[in-house]
Amino acid sequence: MTGFTESALVKRLMDLNPSQQSIQTLSLWLIHHRKHHPTIVKVWFREMCKVKDNRKLMFMYLANDVIQNSKKKGPEFGKEFETVLPKAFEHMKGFDEKTRERLNRLLQIWEERGVYDKTQIAEFKAAFLDTIKDPGTPPPKKKPKIDLEKKERKERKKSETEVEVDGTKELHVTLSPRTPAGDPPETEELIKALMDLENTASSDAGVRERIASLPPEVSEVSLLANLADRSAADQLSIAVNEAAALLADYNGRLQAEMEDRRRLLTMLRDYTLAQRQLLQQAQSTLEDYKEKLKKVCAVRSEVKSHISNLPDLTQLPDVTGGLAPLPSAGDLFSMH
């Protein structure tokens with residue numbers, strides 16, 4: 001991992017994107033440099049206040065990931081963030097209802113997992129909510145502690161990923177709230193959705209062949225007149241029931257496939273939009289650096305021009321008008 005500097009931190013914060021991978025990568029880097037936690041939190045809050053509104057929630061998710069994943073290594077980040085979080089929540093007070101709902105969900109997670117005590121959670125809520133619940137309102141019924149712990153262990157197991165930090169492998173728990181609807185999906189999630197569509201009902205040639213080979217008697221009412229006896233009728237009844245079950249199951253699979261394709265279409269749209277935004281950011285950054293390179297090249301060219309016009313001080317004119325080399329220190333002493 002690269003060394004810590006304030007400028008390196010600012011650059012990483014500016015390069016941060018909404019994907020969980022980006023948040024997790026920066027979170028690991030910050031935790032690795034936790035001895036600089038006062039500077040990290042100070043810069044985080046300063047840059048969070050400066051970025052555009054649509055990026056502020058991403059900064060809160062980063063803080064959440066750092067606070068929770070650093071608990072096993074020390075309480076530094078939790079205590080340090082506690083000093084600026086009230087101001088951070090207050091800074092987001094005038095945001096839209098959707099963003100405030102996500103912030104409220106974040107606070108619920110902190111309360112459920114004991115990240116901060118109830119008094120502190122109430123202070124955070126008061127910082128960005130217009131109204132606070134009436135103190136006389138009875139609190140919601142708590143679920144048994146054992147159920148909450150069991151649920152948390154289950155969620156942790158699902159969200160644990162092995163990552164390499166400074167040459168050693170360790171488990172990192174994805175504790176940020178799940179990506180809300182409308183936010184870009186993770187690349188891995190999108191790939192999985194695409195792979196799942198490889199085994200869809202519409203591509204099940206075996207079932208379609210079975211349906212195509214059903215006898216016409218199961219679907220043609222007019223052919224019932226051809227039944228010769230009770231035994232033939234019973235056999236036809238069994239065949240009709242089997243065909244109905246087969247078609248009902250296949251129709252259900254097709255319906256599920258349609259829903260999956262609609263969901264994938266939404267995911268692709270959100271993902272494409274996010275990638276376009278990232279592309280625009282990259283292009284803007286590239287243009288900035290091209291401009292800087294252009295200025296540096298201009299300065300270099302100017303320096304070369306000045307150097308070529310400077311006199312050669314390694315030689316001096318002698319009494320005859322020719323050029324003589326500069327005397328050495330030894331020559332000066334011998335002349336004296």
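This is a predicted model: local features need pLDDT of at least 70, side-chain atom pairs count only at pLDDT 80 or more; totals for chains, interfaces and linings use all residues.
Is Ile 40 buried or exposed? Its relative accessible area is 1%, and because buried means under 20%, Ile 40 counts as buried. Beyond its neighbours within four places in sequence, Ile 40 touches Phe 4, Leu 9, Leu 30, His 33 and Phe 77. Another residue to look at is Glu 80, which is 40 residues away from Ile 40 along the chain, with 9.3 Å between the two C-alpha atoms.

## Salt bridges within helices

The model holds 11 salt bridges. Let's start with helix H1 (residues 6–15), which carries both Lys 11 and Asp 15, four residues apart, or about one turn of the helix. Their side chains form a salt bridge with an N to O distance of 2.8 Å. Lys 11 is partly exposed at 45% relative accessibility, and Asp 15 is partly exposed at 44%.

## A buried arginine and a network

In helix H7 (residues 97–112), Arg 100 and Glu 97 are three residues apart, so about one helical turn separates them. The salt bridge between their side chains has an N to O distance of 3.9 Å. Arg 100 has a relative accessible area of 11%, so it falls under the 20% cut-off and is buried.

Which residues are linked in a network of salt bridges? They are Glu 6, Arg 46, Glu 47 and Lys 50.

## The second largest pocket

Now for a look at the second largest pocket, with a volume of about 170 Å³. It is lined by 12 residues, and those closest to its centre are Asn 17, Ser 19, Tyr 271, Gln 275 and Leu 278. By type, the lining comprises six nonpolar residues, five polar and one charged.

Helix H12 (residues 230–309) contributes the most to this lining, giving four residues. Domain 1 (6–127) and domain 2 (187–279) each supply at least three residues to the lining of the second largest pocket.

Definitions and conventions: Residues are numbered from 1 along each chain as its sequence is written. Side-chain values use heavy atoms; hydrogens and water are left out. On a 1 Å grid over the protein atoms alone, a cavity is a set of points where a 1.4 Å probe fits but cannot get out, and a pocket is an open set with protein on both sides within 12 Å along at least five of seven lines; lining residues have an atom within 4 Å of a point. Grid points are joined across faces, edges and corners, and a volume is the space filled by probe spheres set on the points. Helices (H or I, at least four residues) and strands (E, at least two) are DSSP runs, numbered from the N terminus. Ala, Val, Leu, Ile, Met, Phe, Trp, Tyr, Cys and Pro count as nonpolar, Asp, Glu, Lys and Arg as charged, and the others, Gly among them, as polar. Domain bounds come from an automatic or database domain assignment. Buried means under 20% relative accessible area, exposed over 50%, partly exposed in between (1.4 Å probe, protein chains only). Contact means heavy atoms within 4.5 Å. A salt bridge is a side-chain nitrogen of Lys or Arg within 4 Å of a carboxyl oxygen of Asp or Glu.
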